[in-house]
Amino acid sequence: MSITLDQLTKRYQGVPVVNDVSLEIGDGEFFVLLGPSGSGKSTLLRAIAGLSGLDHGRIALHGRDVTHVSARRRGVGLVFQNYALFRHMTVAENIEFALRVRRMRAAQRRSRRQELLRLVALEGMDERLPGQLSGGQQQRVAVARALAHKPEVLLLDEPFGALDAKIREGLRRTIREVQRELGITTILVTHDQEEAFAMADRIGVMNFGRLLECGRPQDLYTHPATRFVATFLGAANLILARQSADGPRWGAWPPAMAGAGPGAAAREREVVAVVRPEEIQMARSRDELSSSAYLGRGVVEEVLFTGALERARIRLDEAPEAPILAHANGEGAVLLEATRAQFEQRAFTLTPGQSVTVGVRRAHVLATPLSSFTVCASNGSAVARLAGHPLLLDLSSRMKTRIRRHVEPLLGDATPIRDAATSLPGTSVIAAHENVVSDANWLLDHGVEEILILPEHAPSPQRVLIHWTDESARHATLAVSASVLRHLSAEAIYVDVLPDQTHATVRSSGIRALLDARSEARTAHGLEIRTELRFGVAAQALAQRLDEAPGQMLILGTSGAGRLSGELAALLAQPRWPVLLVHREREAPAHSRSAA
Amino acid sequence: MRDGQPTVLPGFGLTLGFTTFFLSAVVLLPLAALVLLAASTPLHQLLNAVASPRALASYELSFGGALLAACINLVFGFIIAWTLARYEFPGRRLMDAMIDMPFALPTAVSGIALTAVFSANGWLGRYLALAGIHVAYTRLGVVLAMTLIGMPFAVRTVQPALLEVQRDLEDAAETLGAGRWYVFRRVIVPAVLPAMLTGFTLAFARALGEYGSVIFISGNLPMKTEITPLLMVIHLEEFDYHGAAALGFVMLAASFVILLTINLLQAWGRDRMVRRRA
């Protein structure tokens with residue numbers, strides 16, 4: 001491995017800007033770090049270069065631990081967005097800078113410089129000043145300068161940011177050729193997905209300081225695991241669907257199914273499906289949808305000609321069985337996005353206002369267990385108040401998902417369950433009040449698997465504690481935690497609690513459980529977590545830990561057919577922190593869920 | 001730009017006319033009067049005023065002191081500008097505002113203030129006196145006053161230039177293997193050198209012309225701590241306008257030569273850089 005990053009964390013004023021990033025990059029690989037501005041990608045690059053310190057973690061280059069090695073001895077080449085050329089020096093002096101520092105002889109310097117200038121196609125420019133060159137030429141000089149001392153690793157920080165499209169294209173090709181010719185391991189940082197696709201062997205997508213997913217460009221595009229990657233890498237329609245035994249089904253919740261009560265094995269779950277605009281087909285009628293599954297009917301709102309492709313936005317009809325788009329496309333109106341190639345345009349011309357039948361050629365179901373939020377309370381005003389909770393709004397807009405409202409007069413009613421058909425889609429959200437435990441129990445009785453309990457004043461959490469009462473809830477809890485943490489810039493800590501009087505052998509098994517949890521989080525969900533071992537009664541230890549600092553949140557996994565009672569109920573009675581309860585039936589084996 | 005786009009102020013003709021008139025009335029004419037007055041002085045009287053031992057000693061102090069003060073400002077002005085430009089710390093804005101104080105104070109006030117602090121029984125002066133260092137009423141005091149009033153020029157010219165030297169340049173140099181001293185010498189100083197020279201020039205010019213603050217702390221002992229502007233005032237008080245004008249002419253000529261030299265140096269440096277490339 002050329003570059004090995006192990007749990008890198010960098011905080012700025014307490015907020016992690018690089019959050020537990022682990023990554024391995026192979027010899028000669030061209031790796032692209034992609035993310036929106038402020039996602040921590042440049043900070044990560046600077047940390048690799050040795051220009052900014054770390055709060056935690058290790059960096060190794062070619063097997064050599066360089067965590068505490070200064071930038072000048074790391075042997076990396078760095079290229080900046082604004083070129084950062086020394087303006088009072090000629091091109092030759094700029095390129096020879098690193099060689100001069102190393103006291104190389106003039107003749108050797110000259111031959112190395114000629115070699116580099118040939119490599120970046122700038123022969124004969126030796127005596128120019130940077131001010132006399134165009135932007136593209138300056139960046140070529142910067143690349144040559146960064147390669148002069150034969151670094152082991154080349155780092156490029158948004159190198160095309162200041163260049164216009166035509167020049168970008170040429171420089172991209174040059175950099176890729178140089179990289180191949182030298183076989184040098186390279187990391188490029190960019191926010192431009194097109195650039196990432198064009199250059200990368202492998203792409204790593206970052207958001208909120210976390211490295212969300214890594215993979216080959218085509219794999220990430222067709223099979224993203226998270227909704228951020230799905231929507232950041234090109235346009236995507238996120239559609240709420242029902243996952244059934246034979247694939248995703250479109251249409252509104254609740255499903256018209258009789259007898260689908262809690263514990264029913266065939267119960268459908270709400271999932272999020274990704275449909276790329278180019279996978280949408282439009283036709284006059286359902287019979288004309290050739291190779292695609294019927295999605296619904298809609299009205300064309302807008303048609304844009306963009307050259308090779310035509311972009312259309314469609315408002316879906318609000319029929320009971322119509323599919324529901326998970327996210328609002330910016331301005332509130334939820335429209336389906338479609339792109340069509342020329343041949344499709346010729347076959348069927350679209351005009352705004354036209355009514356069309358919409359089909360889906362290909363849909364990809366995301367693995368995330370959190371699909372949407374359903375706010376629950378016993379009266380309308382309480383529902384409205386809760387639906388406007390800042391943390392919920394923040395979370396739902398970051399997750400690009402809906403908040404449904406549901407008034408449930410019977411909520412919290414302690415009488416045993418009669419009407420099993422009431423099932424709420426997605427994660428239920430309830431307010432933290434004195435009867436919150438009976439509300440939660442009512443929801444659990446009615447088949448809800450995730451419940452978010454919100455106290456009235458809950459800031460966006462900076463730290464998320466994860467705990468499960470039972471190993472059979474581990475998998476689901478980690479999956480939910482990963483999904484939540486992708487959308488928060490918070491650090492994750494798994495807290496395990498052992499009884500006070502614990503024998504040494506049990507202690508070591510407790511430590512093993514911590515390590516298992518961490519490795520499962522990393523391998524199955526790409527989530528890096530920290531671990532803590534505490535002693536005492538679980539609920540008390542957790543409450544104590546949560547009270548230690550403000551801005552914490554708890555994700556609590558439980559399992560079994562039972563309701564919340566005893567110490568767990570005591571922990572959840574009027575919590576002062578947001579709690580996300582993850583409940584799974586004990587009889588459901590974990591592996592069936594991992595397929596989702 | 002007569003035919004250019006309309007601007008806020010009236011046209012080119014009017015503004016150029018005003019500029020010429022203003023420069024003439026405020027700068028050129030008084031200087032010409034000074035030169036004429038000096039030129040109309042009988043030769044022996046001129047020589048008496050200009051080449052007397054007392055005058056020669058005052059030149060030495062005025063020019064030497066101003067030069068020394070400008071050098072001090074060059075170094076410490078750079079350090080202050082560096083601190084203000086590079087670091088973020090509580091009170092930075094306040095400190096930044098304080099730099100301009102010597103601009104705003106009437107110079108006599110700064111002179112009195114300096115004397116209060118550095119005289120033999122002043123706050124600092126009494127301790128310095130114990131160490132055998134006398135500031136007030138010595139040449140050291142003159143240089144101190146000159147440094148004080150010149151300091152804002154040195155800081156304010158270098159500060160924007162330093163802000164323009166991007167952090168990235170230092171980072172780039174560091175990843176290329178350069179140590180701190182190397183980066184300072186080869187990257188930062190060359191980038192701000194023109195600004196530093198300008199600051200030096202301004203601080204020098206200001207120190208040379210300074211009168212108010214210096215005369216309080218210098219004690220004005222003839223041949224020792226008497227600056228040329230004071231000598232001119234003494235001539236004036238004796239109604240010896242010709243003598244004063246002659247001294248003024250010497251100062252004018254000397255500062256003109258010095259400023260010209262520095263400007264030529266700067267131009268030569270730029271030119272050399274460009275020619276080497278061509």
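The mean for chain A is 85, and 90% of its residues reach 70 or more. You are looking at a predicted model, in which local features need pLDDT of at least 70, side-chain atom pairs count only at pLDDT 80 or more, and totals for chains, interfaces and linings use all residues. To find your way, note that residues are numbered from 1 along each chain as its sequence is written, while chains are lettered from A and ligands numbered from 1 in the order in which they are written.

Now select residues 254-266 of chain A, where pLDDT stays under 50. The model has 16 contacts beyond four places in sequence for this stretch; two residues are in contact if their C-beta atoms, placed from the backbone, lie within 7 Å. Residues 328-332 of chain A also stay under 50, with four such contacts. Where pLDDT is low, the predicted coordinates should not be read in detail.

Next, switch to cartoon view. Helices (H or I, at least four residues) and strands (E, at least two) are DSSP runs, numbered from the N terminus. Two strands pair if DSSP finds at least two bridges between them.

Go to β1 (residues 3-12) of chain A, which runs antiparallel to β4 (residues 56-61) of chain A, with five bridges joining them. Click on Thr9(A): its bridge partner in β4(A) is His56(A). From β4(A), hop to β5 (residues 64-65) of chain A, an antiparallel partner over two bridges. Here Leu61(A) faces Arg64(A). Two residues lie between the strands of this hairpin, and His62(A) takes a positive phi near 50°.

Then move to the nine-strand open sheet of chain A, ordered β22-β21-β23-β24-β29-β28-β25-β26-β27, with mixed pairing. Its neighbouring strands are turned by 25° on average, direction ignored. Inside, β25 (463-468) and β28 (552-559) of chain A pair in the parallel sense over six bridges, and His467(A) has Leu556(A) as its bridge partner. Which strands does helix α14 (residues 504-525) of chain A touch as it packs on the sheet? They are β26 (491-498) and β27 of chain A, and the helix direction makes about 155° with that of β26(A). Helix α15 (residues 538-547) of chain A packs there too, touching β25, β26, β27 and β28 of chain A.

Finally, show both chains: 21 residues of chain A are in contact with 17 residues of chain B. On the chain A side, β6 (76-79) and α2 (91-101) give two or more residues.

Note on methods:
Axes fitted to C-alpha atoms, helices over the stretch in contact; angles between N-to-C directions. pLDDT = per-residue confidence, 0-100.
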